[in-house]
Each structure stands twice: as C-alpha cells, then as structure tokens.
Amino acid sequence: MTFSWRALSRSLALSGLLFGVEPLHAEYLKIELRVYGLDCGLCARGVAASVQRLAGVKSVDVSLKNGLLEIVLERGNTFKMSDLRRRIRENGFRSMEATITAVGVLNGPSKFEVTGSGESYYVDKPDAKGVGPLELTFQVK
Amino acid sequence: MKFVLSLICLIPVSAWGDGHGPAFAYSTATLGSGDASFETAFMWRSGSIMFGPRVSYGIRQNLQISFAAPFDITHGDHPTGRFDAMMPGNPEAEVLLGWRFYHAAPGISTRNEATIYAGASALTQHVPRDDGPPLQRQPGMYVALAAGRVARSYDIWAGAGYQRYGQLESGLHDHQSNTFLSSFAVGWRPPVLNKDYPKPDLRFFWETTGEVVGLARRAPLPPEAGGKGGGHGHVVPPVFLLQSLNRIVYLRNSGGRDVFSGPSVLCTYRSLAFQGGVLFALLDQPNGRQQQEDVRVVVGVTYYLLGRRK
C-alpha cells in the first residue's frame, strides 16, 4: 500500500463536501393560521409560547376573538407547516385554514413547492410563471 | 373600570379547580402536552381552614397527571367530603389522572370536552374528632366524570364523582366517609370584558355542588368493651355510635348531605391565574350533632409553565 498525497487531498475534499453541506432551508415567511378552540388568555399564551419554540419563528401574535395565529418567520428557516399543525394539536386545539407567504418554485401549472421544506401546495395562480423561485401568498385548508 | 379590573385581579385567589375552569365544580383537564401548573390555595369552611398545594403536568394533550396534598390548618366538626371536584376535603396526598377522552373544537373559541378522572389517595394527617380518637388512616380511590362546553362568552360544566376509602382488612379497621359529589357550573364573560390576548382575561361563574357523605366507621369494639374484638378497637361512648346487625360500628356524628351554590371569579394574566369563590348553603343536613356549614370560600393563585416542549 502506497501513500499518495493526491488521494489524501481528494478524500479530504470529498469529506468536506459530505459533512460541510448544509440542508436546504425552508422559505416560509409568514403564516396566518386559524385555530379553533382557543377560549382564554392562558390558551393563547400556551399556544404562542409553544409555537415560538419552533425553529425559525421570529414572532407570534394571537387573536382570541378571531381565533388567528399570525406567525412571522426568519429568512432561511427550517420550518415545516406540518410541525406547526402538530404543535397546535399537542396543545389541545384544532388548526384550520391558513394564509401562507412563502418562497418556492412552481412545479407544473399549480403545484407550488416551498423551498427546502419538502412541502408543496396546489395554488390558484395562473399568472405565475414556473421559472426560478418566487414569493407567493396563498391559502390552504 | 380598569381600576376595578385590576383590583379584582389582585385578589389573591386561584384556579383551584383544574387550571382555568370553575373554582369548586368539575371541569375538564386543560394542560397541553408538556405544560405544567403549580397551584396554592386556601379553603375556608365554617371553622376549618385548609391549605392546598397542587402540581399538574400534561403528559399528552389529552392526558394529565396531578398531585395534591391539602392539609388542615384548623379543623371544624363537619362532614368531611371533598371540598371541591379536584381536591380532597380531608388532609390527604392524592394522585389524580385525567383523560380527556372526548375533545372537539367546532368553532373559533369553542370547545366541547369530556374527561374521566381516576385517583388514589392516602390520609396524611389524623383528623381530630369529638367522639373519640382520630380515625385510622386508610387509602382512598376517586373516580369522576366531567363534561362541558367553553366559549368566549359562556361556559357550561357538569360532573360527578365518587370517593371511596378502602380497608386494609375488611371490617377490622376504621373507615372514612365515602363521598358522592356532583356539580354544575355556568361561566360568563361580559362583552365589556371580552378583551383580546394579552390583556387580562376575566370570567365569572355561578357554581352549584351537591354532596352526599356517608357514615364513617370505627373498628369493632374489643371484647372487654362489649364488642367482638379486632382492629384497634377504640372505646367510644355508645351515644356516638350506631351499631348495625352485623356489629359494624358507624359513627353517628359523621356524614350528611349538602347543596351549595354561589359565585366565583377567574382572572388570568400572563402565566398566572387568580381565582376565588364563595358558596352558600342551600341545603345542609349533617348527621348527628355536627356543625352546620353556611358558607365555603376558596382563594388562591396558579402559576403555569406553558409551551415548554421543544
């Protein structure tokens, strides 16, 4: 077995690629989520505190009267909508329709893939072109 | 108006019931998964004062465990049923498991829920009695069912429960009074108080509880005192006793029936809940020569650890 500087440098470069690559970040920017069952200040506080702990959440506002959570996210977050809905369920409430602002790409005429999240939605945006990332605001049920 | 609200919120009272429901009546488990609450409260009932700490933890969103250990500061001579739905009326350590088996949120701010509770307890203090030495300590079990509907403008709660004390050896030991408790409560948040989060949240309740407390029982008298022997057999003057055909000795001055009704108030702000209530006796029929109860009062405070789950 012979030692080769070239082989070593290739191995190091490959390792760097394997371990140094960061996962793609999700690009959810803002979410307005309707939540059923919130009836008092402590319920609102519990949900707000719980959602605030999700990675990438910048701020959470709760309206008891409208049953609405308004979540603002940091750029380049690792947020998933499924995590948010699970968190609401863990608090004993029911998540409903949402208005989402996110960056992603259109795959086909109406399938919008949120960058880095692995989550996609069918949106009604006939004027949007499927070239490059774009910021969309859409509603999901 | 703000001054009045602030004043009410500063009254040192608490969510003595589970979390943010009525003070005396049954309500459902409300802690989310990973949430916890720490409650302390004083209870006053015609001559006796109890202090009760209670810790609750949400194992899952529909499963909650609580540990309560109320104790007597002063003790009155009245039937010792449960003081309220979620807290023993005797000085006991109680572990209570609540399973919210039905849960629906049909609209904004509206929930329909039902919870079944099961608990086990052990007396921690000997309760003094006028008719002899304190009864021996025995383990107890508790089951209850609570159901209700909550909304921003109103709440409705109903429930019933049964507490039974066991015997280590059947018929040979003292036996505390078994208790059946039922309750009904309506809550109301006046439109003027219907403020949005994070402002203080104030609600009023009208609560009614009904209680049937059974006769307590002493171990049979020892042979030298005219009994069959067994147990620890305290000698008690016959005037205090009712002896059944099978020689079981019931204490005449124990148990009874009562119905109480009255208002309570709940104020939540940030991670705190302040609650207090006063119940007045509509019916009070204690057995024997026990003390009548006119009024029951509870005040306390609860601190919540919310949204801690990562």
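Author: In chain B, B:Ala41 stands opposite B:Gly300, a residue of strand E16(B). The model is predicted: local features need pLDDT of at least 70 and side-chain atom pairs count only at pLDDT 80 or more, while totals for chains, interfaces and linings use all residues. Residues are numbered from 1 along each chain as its sequence is written, and chains are lettered from A and ligands numbered from 1 in the order in which they are written.

The part to look at is strand E1 of chain B, residues 36-45. Strands (E, at least two residues) and helices (H or I, at least four) are DSSP runs, numbered from the N terminus. E1(B) runs antiparallel to E16(B), residues 295-305, and ten bridges join the two. Two strands pair if DSSP finds at least two bridges between them. E1(B) is also joined by ten bridges to strand E2(B), residues 48-60, again in the antiparallel sense. In that pairing B:Ala36 stands opposite B:Tyr57. E1(B) and E2(B) form a hairpin with two residues between them, and B:Ser46 in the turn has a positive phi of about 35°.

In a regular strand the side chains alternate between the two faces of the sheet. The covered face of E1(B) consists of B:Ser37, B:Glu39, B:Ala41, B:Met43 and B:Arg45. On the uncovered face are B:Ala36, B:Phe38, B:Thr40, B:Phe42 and B:Trp44.

Between helix H1 (2-10) and E1 of chain B there is a loop that holds B:Tyr26. B:Tyr26 counts as buried because 30 other C-beta atoms lie within 10 Å. A residue is buried with 20 or more other C-beta atoms within 10 Å of its own, exposed with 12 or fewer, and partly exposed in between; C-beta atoms are placed from the backbone. Not counting residues up to four places away in sequence, B:Tyr26 touches B:Ala85, B:Ala144, B:Ala146, B:Trp157, B:Ala158, B:Gly159 and B:Ser183. Contact is defined by C-beta atoms, placed from the backbone, that lie within 7 Å.

Now the rest of chain B. It has one helix and 16 strands, and 48% of its 310 residues count as buried. B:Ser109 is in the loop between strands E5 (92-107) and E6 (110-123) of chain B. Its phi is near 65°, a positive value in a residue other than glycine, and B:Ser109 is buried because 21 other C-beta atoms lie within 10 Å. B:Arg270 is in the loop between strands E14 (256-269) and E15 (272-286) of chain B. Phi of B:Arg270 is positive too, near 55°, but B:Arg270 counts as partly exposed because it has 13 C-beta neighbours inside 10 Å. A further loop, between strands E9 (179-188) and E10 (201-213) of chain B, contains B:Pro198. The peptide bond that joins B:Tyr197 to B:Pro198 is cis, with omega about 10°.

Leaving aside its neighbours within four places in sequence, A:Val62 is in contact with B:Tyr197 and with A:Ala44, A:Val47, A:Ala48 and A:Leu69. Chain A has three helices and seven strands, and 33% of its 141 residues count as buried. The contact between the chains takes 26 residues from chain A and 29 residues from chain B. On the side of chain A that touches chain B, helix H2 (41-52), strand E2 (57-63) and helix H3 (81-90) of chain A each supply at least two residues. H2(A) gives the most, with eight residues.

H2(A) has twelve residues and spans 16 Å from its first C-alpha to its last, close to the 16 Å expected at 1.5 Å a residue; the expected span is 1.5 Å times one less than the number of residues. Eleven of the twelve residues of H2(A) are buried, including A:Cys43 and A:Arg45.

The largest nonpolar core has 64 residues, and those with the most contacts inside it are A:Tyr28, A:Ala44, A:Val47, A:Val62 and A:Leu69. H2(A) gives the most to this core, with seven residues. Such a core is a set of buried Ala, Val, Leu, Ile, Met, Phe, Trp, Tyr and Cys residues joined through C-beta atoms within 7 Å.

Methods. Contact = placed C-beta atoms within 7 Å.
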